[in-house]
Amino acid sequence: MAHARLLSLSRAEQCSILRDYMTAATAKDCSVMIALRPLSGSPTSGGSGGDSRGGDAHGSLEVGHQSFEYKVSVADLDLKPLEKVEEHRQMDQDILRAASKQRERQLLSA
């Protein structure tokens with residue numbers, strides 16, 4: 001049913017759906033790393049010394065009376081191959097099925 005609906009769309013709409021799906025698959029598989037370092041009077045504070053790799057976000061923030069230097073990096077942003085779309089779709093279906101069964105069990109045991 002979903003396949004027939006997809007085929008009824010224009011080529012531009014099909015490409016947009018595929019691009020959105022591949023973007024989501026890439027984001028789902030990436031890693032986000034956050035590093036915090038205490039500033040202002042902390043024994044570990046010192047010079048900036050951060051690296052300048054492209055794509056990293058960095059700055060400082062204050063939480064309560066403590067200041068921190070932060071750095072956020074994202075890894076594994078490689079696009080997934082189109083050949084893997086069916087494999088990803090099947091895995092998503094398996095996850096949804098397992099989550100539904102788990103939720104059903106929780107509701108029955110409540």
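Biologist: How far does the backbone oxygen of Met22 lie from a polar atom of the side chain of Thr26?

Modeller: We're in a predicted model, so to speak: local features need pLDDT of at least 70, side-chain atom pairs count only at pLDDT 80 or more, and totals for chains, interfaces and linings use all residues. Numbering starts from 1 along each chain as its sequence is written, and side-chain values use heavy atoms, leaving out hydrogens and water. A polar contact takes N or O atoms within 3.5 Å, one able to donate a hydrogen and the other to accept it. From the Thr26 side chain to the Met22 backbone oxygen, the distance is 2.9 Å.

Biologist: Is Thr26 buried or exposed?

Modeller: Thr26 has its place in helix α2 (helices are DSSP runs of H or I, at least four residues; strands are E runs of at least two). The cut-offs are under 20% relative accessible area for buried and over 50% for exposed, with a 1.4 Å probe. Because its relative accessibility is 6%, Thr26 counts as buried.

Biologist: Which element gives the most to the lining of the largest pocket?

Modeller: That pocket holds about 500 Å³ of space (an open set of points on a 1 Å grid where a 1.4 Å probe fits, with protein on both sides within 12 Å along at least five of seven lines; lining residues have an atom within 4 Å of a point). Of its 13 lining residues, those closest to the centre are Leu6, Ile17, Leu18, Val85 and Arg89. Elements giving two or more residues are α1 (2-7), α2 (11-29) and α3 (85-109). With six residues, the top contributor is α2.

Biologist: And the sheet, what's its strand order?

Modeller: Strands pair if DSSP finds at least two bridges between them. Eight bridges join β1 to β3, and seven join β2 to β3 (residues 66-75). The edge strands, each pairing on one side only, are β1 (31-38) and β2 (57-63). Pairing is antiparallel in this open sheet, and the order is β1-β3-β2.

Biologist: Which residue takes a positive phi in the hairpin of β2 and β3?

Modeller: Val63 has Gln66 as its bridge partner in β3. Two residues sit between the strands of this hairpin, and the one with a positive phi, near 65°, is Gly64.

How values were computed. Points joined across faces, edges and corners; volume = space filled by probe spheres on them.
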